[in-house]
Amino acid sequence: MSARKLKVVLTRRLPDAVETRMRELFDAELNLTDAPLDRTALIEAVRRADVLVPTITDRIDAELIGLAGEQLRMIANFGAGVDHIDVEAAVGRGLIVTNTPGVLTEDTADLAMSLILAVSRRIVEGAAVMAEGRFAGWTPTWMCGRKLWGKRLGIVGMGRIGQALARRARAFGLQVHYHNRKRVSAAVEEELSATYWDDLDQMLSRMDIVSLNCPATKETHHLMSAERLARLQPHVILINTARGELIDEAALAEAVDRNRLAGVGLDVFEHEPEVHPGLVGRPNVVLLPHLGSATQEARQDMGDRVILNVMTFQNGHRPPDRVIPAML
C-alpha cells in the first residue's frame with residue numbers, strides 16, 4: 001500500500017472517539033450533520049473514497065458499486081449485518097467487505113430479553129398508566145400478564161446473538177428450543193439445554209415465545225409469512241430484534257388485529273423507519289426504534305472494529321472481519 005493516508009468516507013456520525021481516531025489514522029471525511037446520504041451523495045462518495053464506511057441506512061447495491069471509482073478498495077461496514085450491501089457484486093469488483101461481528105452480541109440479546117419481559121408482563125402498558133395518572137390502586141385481576149418460568153422459547157437463528165439470548169432465557173426458567181441452518185455443537189446444546197428442530201414449522205407450532213435472531217438473506221425474506229404466522233398458537237409472543245424483512249409486516253398487522261397472537265415486540269421494521277400503521281398504538285405490541293446495539297460501549301466497540309479492519313487492510317494484511325458471499 002502507498003504511504004499516503006487512505007481516504008475514508010463515513011456516511012453517518014460515529015462516536016466522537018472513533019471519529020477522532022479515524023482522523024488521526026486516515027484522511028477521514030466525516031458526516032457532521034448525521035443526515036443519511038442520498039443516492040447522489042453516495043455515488044459521489046464511492047467516486048472519491050479509498051474506503052467507504054457505510055451503515056445499515058445506506059443501500060450499497062450492484063449499481064452503486066458499478067459507479068465507484070477505480071480507487072475504491074474497501075467497504076468497511078459499521079454494523080454486523082450486511083444485507084444492505086451487495087457483497088457478491090463488491091467482491092466481483094475486487095473490493096474487500098468487512099463488518100463488525102461479536103461486539104454487539106450481548107447488547108442485542110439484552111434487548112431481545114427486555115422485549116420478552118416487556119410484552120409478557122405488560123410493562124409498557126403499565127408505565128403508560130402511571131405516566132397518564134390512571135393508577136387507581138392494586139386490584140387482583142387488573143393488568144395481568146403472563147409468567148415466563150416454564151414456557152417454551154423458540155429461537156430462530158442460533159448464532160452468537162441467539163446463543164446469548166438462550167443463556168438469558170435459561171436464567172428466567174424458559175425451555176430453549178431452536179432452529180438453525182446448521183445444528184450447533186453438542187457442547188452448546190448441553191450448556192443451553194437446547195432442543196434442536198430441523199423443521200421450522202414444527203417448532204413454531206409448539207412454542208410459547210418465538211424470537212427471530214437470524215440474518216436477512218434471500219432465503220429468510222418474509223420468513224414469517226402469513227402462512228407461518230398462522231401456524232403460531234394464539235397465546236404466542238413474537239419478538240424480532242434481527243431484521244424487519246424477516247416478517248411480512250402487513251400479515252403480522254392482520255394477525256394482531258384478529259387476535260391470532262398474544263403479543264409482539266419489534267425493534268426492527270420491514271420498511272424502516274416506517275412502521276405498518278396496524279401495529280402502532282396496539283396495547284399488546286411493543287415497538288422500539290432499532291435500539292439493539294444502542295449502548296455507548298457497543299457503538300464504541302463497533303467503531304474500533306472498523307478501525308482495526310481498515311488499519312489491517314492499509315498495512316497489507318487480510319482484515320479479520322472480511323465478509324465473502326459464501327458466508328451469507
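A search of the whole predicted model finds 0 disulfides. Such a bond would link the sulfur atoms of two cysteines covalently. Among the cysteines, Cys-144 is partly exposed, with a relative accessible area of 47%, whereas Cys-214 counts as buried at 10% relative accessibility.

Two domain annotations are recorded for the chain. UniProt, in an unreviewed entry, lists residues 17-323 as "domain: D-isomer specific 2-hydroxyacid dehydrogenase catalytic". Over residues 17-323 the chain is 37% helix and 13% strand, with the end C-alpha atoms 25 Å apart. The feature "domain: D-isomer specific 2-hydroxyacid dehydrogenase NAD-binding" is placed by UniProt, again in an unreviewed entry, at residues 113-292. That span is 31% helix and 15% strand, and its end C-alpha atoms are separated by 11 Å.

The largest nonpolar core comprises 28 residues, of which Val-156, Val-210, Leu-212, Leu-232, Leu-252 and Leu-261 touch the most other members. At least two residues of this core are supplied by each of helix 9 (200-204), strand 9 (209-212), helix 11 (249-257) and strand 11 (263-266). The greatest contribution, 5 residues, comes from helix 11. A further core of 25 residues lies apart from it and includes Leu-115, Ile-116, Ala-164 and Leu-174. Within the largest core, the surroundings of Val-156 may be described in detail. When neighbours within four places in sequence are left aside, Val-156 is in contact with His-179, Leu-200, Met-203, Val-210, Ser-211, Leu-212, Asn-213, Cys-214 and Leu-223. Two of these partners, Val-210 and Leu-212, are also among the residues that touch the most other members of the core.

An α-helix has 3.6 residues a turn, so residues three or four places apart point the same way. The N-terminal end of helix 2 is capped by Asp-38, a side-chain oxygen of which lies 3.3 Å from the backbone nitrogen of Thr-40.

Strand 3 contains Val-53, which is buried with a relative accessible area of 1%. Beyond residues up to four places away in sequence, Val-53 touches Val-8, Val-9, Leu-10, Thr-11, Ala-76, Phe-78 and Val-306. Val-53 and Ala-326 are 273 residues apart in sequence, and their C-alpha atoms are 22 Å apart in space. In helix 1 (residues 16-25) is found Glu-19, which is buried at a relative accessible area of 5%. The contacts of Glu-19, neighbours within four places in sequence being left aside, are with Leu-10, Arg-12, Arg-13, Leu-14 and Leu-30.

Most residues other than glycine have a negative phi, and most peptide bonds are trans. The peptide bond from Glu-272 to Pro-273 is, however, cis, with omega near 10°; Pro-273 is located in the loop between strand 11 and strand 12 (285-287). Asp-34, although not a glycine, has a positive phi of about 65°. This residue belongs to the loop between strand 2 (27-29) and helix 2 and counts as partly exposed at 29% relative accessibility. Arg-122, likewise not a glycine, has a positive phi of about 55°. Arg-122 is situated in the loop between helix 5 (105-120) and helix 6 (123-131) and is partly exposed, at 26% relative accessibility.

Technical notes
Residues are numbered from 1 along each chain as its sequence is written. This is a predicted model: local features need pLDDT of at least 70, side-chain atom pairs count only at pLDDT 80 or more; totals for chains, interfaces and linings use all residues. Side-chain values use heavy atoms; hydrogens and water are left out. A disulfide is a pair of cysteine sulfur atoms within 2.5 Å. Buried means under 20% relative accessible area, exposed over 50%, partly exposed in between (1.4 Å probe, protein chains only). UniProt positions are given in the numbering used here, feature names are shortened, and annotations may be inferred rather than shown by experiment. Helices (H or I, at least four residues) and strands (E, at least two) are DSSP runs, numbered from the N terminus. A nonpolar core is a set of buried Ala, Val, Leu, Ile, Met, Phe, Trp, Tyr and Cys residues joined through side-chain atoms within 4.5 Å. Contact means heavy atoms within 4.5 Å. A polar contact is a pair of N or O atoms within 3.5 Å; within protein, one must be able to donate a hydrogen and the other to accept it, and residues adjacent in sequence count only if both atoms are side-chain atoms.
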